Amino acid sequence: MAIASDELPRHLASGLKPLYVVYGDALLLAIEAADSIRVAARAAGYTERETFIAEQHFKWNELRNSAQSLSLFATRKVIDLRIPSGKPGVEGGQALQDYCANLSAAKLNADILTLISLPRMDKTAQKSQWFGALQQHGVMISADDIPRGALPRWIADRLKRQEQTADDATLEFLADRCEGNLLAAFQEIQKLALLFPAGTLTFEQVKDAVMDVARYDIFKLSEAMLSGNAARYARILDGLRAEGTATVLVLWAISEEIRTLGKVLLAAQRGGNIGNAMRDARVWGARQGLIENAARRLKFPHIERAMQQAARLDKIIKGLRRGDVWDELLQLGLRFAK
């Protein structure tokens, strides 16, 4: 069974399962999901908890031994296994498969609830046998980061929990200030509850109270460029510059998306299907919508000019030409917003 972190409270209200796996790159959501499971377990009589951190030299037989026994003073126990790297190794992978098999065959103590915490898992890791065993026998809770488009709604929901509301413009402002940093966003929202009473928050109140705690990365920059969002592109680029991000890394990320978009447009220009072209260019997941929208908005000559500008930028970065690298990066991205 697979559920999103926001579906967990409703699931827990219907009863507990023997195995839960929390994974994802949103630290706040992962912490909240694991805490919710532990709270529900305590309420259900799981009074003992044993925590294992599977790092280098971890003895995997301790996991099996713990699941086969209870202390003299407890009737139910939570086994809290954390794998910070998301890579249990060959021995750990086999131990997790055996653990799931024993769970299915009722060879483990029925009064044991197991909680496994993992970071974000890439496609290769999710295709591993041990991860497949967890999927087959456990409840998988994805704690993925909130995309920028859904962030205002997420903030509105958090404000609602503390009996506060805000208009769309204020929510967008908050989203801009907190993008990519949910933990800091949570803290800023809590601060609003301390500063102001229940009810509607004004833009001025929020603007004066909230810090700029956004974290930017080059992939969000590419996303803003492909979507044609000029204001967001400029804001993220300024953030990357302030954080000291290497210009060669920024140019690489942008150029990769431009080249991919060029392949898709060229295939479409030759009469091919955009969907097939994206598959051939290895465009998956959320990138598909971004590339497809950009491909319908732009023409191939536009891409050719962008690649020429990227080549000039590369020479500026290498010191072979004179120019303002950051200004050129801004102009390159703004080509896609027109």
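The model is predicted, so local features need pLDDT of at least 70 and side-chain atom pairs count only at pLDDT 80 or more, while totals for chains, interfaces and linings use all residues. Residues are numbered from 1 along each chain as its sequence is written, and side-chain values use heavy atoms, with hydrogens and water left out.

The protein has 17 helices and eight strands, taken as DSSP runs numbered from the N terminus (helices H or I, at least four residues; strands E, at least two). Its C-alpha trace spans about 75 × 50 × 40 Å along the principal axes. Of the 338 residues, 45% are buried, meaning under 20% relative accessible area with a 1.4 Å probe and protein chains only; exposed means over 50%, and partly exposed is in between. As for contacts (heavy atoms within 4.5 Å), 75% of those with a separation of 6 or more join residues 24 or more positions apart.

The largest pocket holds about 1300 Å³ of space. A pocket here is an open set of points on a 1 Å grid over the protein atoms alone, where a 1.4 Å probe fits and protein lies on both sides within 12 Å along at least five of seven lines; lining residues have an atom within 4 Å of a point. The volume is the space filled by probe spheres set on the points, which are joined across faces, edges and corners. Its lining counts 31 residues, with Arg120, Phe219, Trp284, Ala286 and Arg287 nearest the centre. Helices H5 (123-126), H11 (218-227), H13 (247-269) and H15 (286-297) each supply at least two lining residues. By type, the lining has 15 charged residues, eleven nonpolar and five polar, where Asp, Glu, Lys and Arg count as charged, Ala, Val, Leu, Ile, Met, Phe, Trp, Tyr, Cys and Pro as nonpolar, and the others, Gly among them, as polar.

The second largest pocket comes to about 450 Å³. Ser5, Asp6, Leu29, Trp154 and Arg158 are the closest to its centre among 19 lining residues. H7 gives the most to this lining, with five residues.

His57 sits in the loop between strand E3 (48-53) and helix H3 (61-67), and is exposed at 71% relative accessible area. Glu163 falls in the loop between H7 and strand E7 (164-165), and is exposed at 59%.
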